[in-house]
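Hi everyone, thanks for coming. Please take a look at the structure on the screen, and then I'll walk you through a few parts of it.

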Amino acid sequence: MSRSKIVAGNWKMNKTLNEGIEFIQVLKESMPELNHTKVVVGMPFIHLASASTHLNGKFSIAAQNCHHEIQGAFTGEISAARIQSTGAEYVILGHSERRQYFKETDELILKKLRSALDQGLTPIFCCGEPLDIREDDSHVAYVNEQMENSIFQLSNEEIRKIIIAYEPIWAIGTGKTASSAQAQEMHKEIRISLADNFTLAIANDIHILYGGSCSPANAEELFSQEDVDGGLIGGASLKTSDFLELIRIAESIH
Ligand code: PGA
């Protein structure tokens, strides 16, 4: 079994419209030939429509959230259907920053997942434990519960369409990466739980990305782990040189 690699950027709340489009143009021009790697750039909503006019089959774009209803009187919100209409194909859901600052629960994330899937978007579902849970050695149970309440409620057909990103909260934006052994341990546990809840074939097909201070300095070791299928990249996705290097590293490992 060999899964391709995925390198997904997450700009978070960074880049003006012009800065984002400039990045996309450089990425488009500089992207190496890829046979084993899929590239996705997660960006603020404001960039999606313009960025999609620069797509050339070498990379895709993602939103970073969606509302769970299709449309209606929800001032300031953006639904999966609106995102889909821009040309974006992916949406990051359940990021720890949304769970923490916007009080998103597993139940709400499940509604968003279903809405995204209904609109034909591929969700990048994030999970991961805070530091005290890691120190308590209960990280596996914690992540299992996050999945139990959300993605494990999906059907076999739905779960096949999602990408999972394991992002230990203590590693996000801190410069403190999980070791490759810590990442591999959790990714393997996630795959075992997927096999228990769905089928072994589904578990083996699903991409599980690592996120949390992933950079050109540590990506090779992380991406080489058997169950690590690439990365969800925050800080290092803001500079084209770093992001392109991460893409090259992923492509070199298969
Ligand atoms: P980071 O962010 O790479 O800056 O740690 C990752 C993420 O939050 O997706």
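Let's start with C126, which stands opposite A165 in β6. The strand that pairs with β6 here is β5, residues 122-127, and the two run in the parallel sense over four bridges. Pairing means that DSSP finds at least two bridges between two strands. Strands themselves are DSSP runs of E with at least two residues, helices are runs of H or I with at least four, and both are numbered from the N terminus.

Before I go on, a word on where this comes from: it is a predicted model, where local features need pLDDT of at least 70 and side-chain atom pairs count only at pLDDT 80 or more, while totals for chains, interfaces and linings use all residues. Residues are numbered from 1 along each chain as its sequence is written, and side-chain values use heavy atoms, with hydrogens and water left out.

Back to β6, residues 163-166. Which way do its side chains point? I163 and A165 point one way, I164 and Y166 the other, and all are buried. Buried means under 20% relative accessible area, exposed means over 50%, and partly exposed is in between, using a 1.4 Å probe and protein chains only. In a regular strand the side chains alternate between the two faces of the sheet.

β6 also pairs with β7, residues 208-211, in the parallel sense over three bridges. There, Y166 stands opposite Y210.

Now look at E129, in the loop between β5 and α6 (131-135). Is E129 buried or exposed? E129 is buried, with a relative accessible area of 0%. Its side chain makes a polar contact with the side chain of W170, at 2.8 Å. A polar contact is a pair of N or O atoms within 3.5 Å; within protein, one must be able to donate a hydrogen and the other to accept it, and residues adjacent in sequence count only if both atoms are side-chain atoms. Leaving out residues up to four places away in sequence, E129 touches several others, including Y166, E167 and M186. Contact here means heavy atoms within 4.5 Å.

For contrast, let's visit G87, in the loop between α3 (80-84) and β4 (90-93). At 31% relative accessibility, G87 is partly exposed. G87 and S52 are 35 residues apart in sequence, yet 5.5 Å apart in space, C-alpha to C-alpha. Beyond its neighbours within four places in sequence, G87 is in contact with S52, L55 and I61.

Next, the ligand. Which of the 13 residues around it come nearest? They are K12, H95, E167, G173 and S213, where near means that a heavy atom lies within 4 Å. One oxygen atom of the ligand is 2.7 Å from a polar backbone atom of S213. For G234, a polar backbone atom is 2.9 Å from a ligand oxygen, and for G235 a backbone N or O atom lies 2.8 Å from one. Taken alone, the ligand exposes 280 Å², and the protein buries 96% of that. These areas come from the Shrake-Rupley method with a 1.4 Å probe; for residues, only the protein chains shown count as cover.

Finally, let's zoom out. The chain has twelve helices and eight strands. Of its 254 residues, 52% count as buried.
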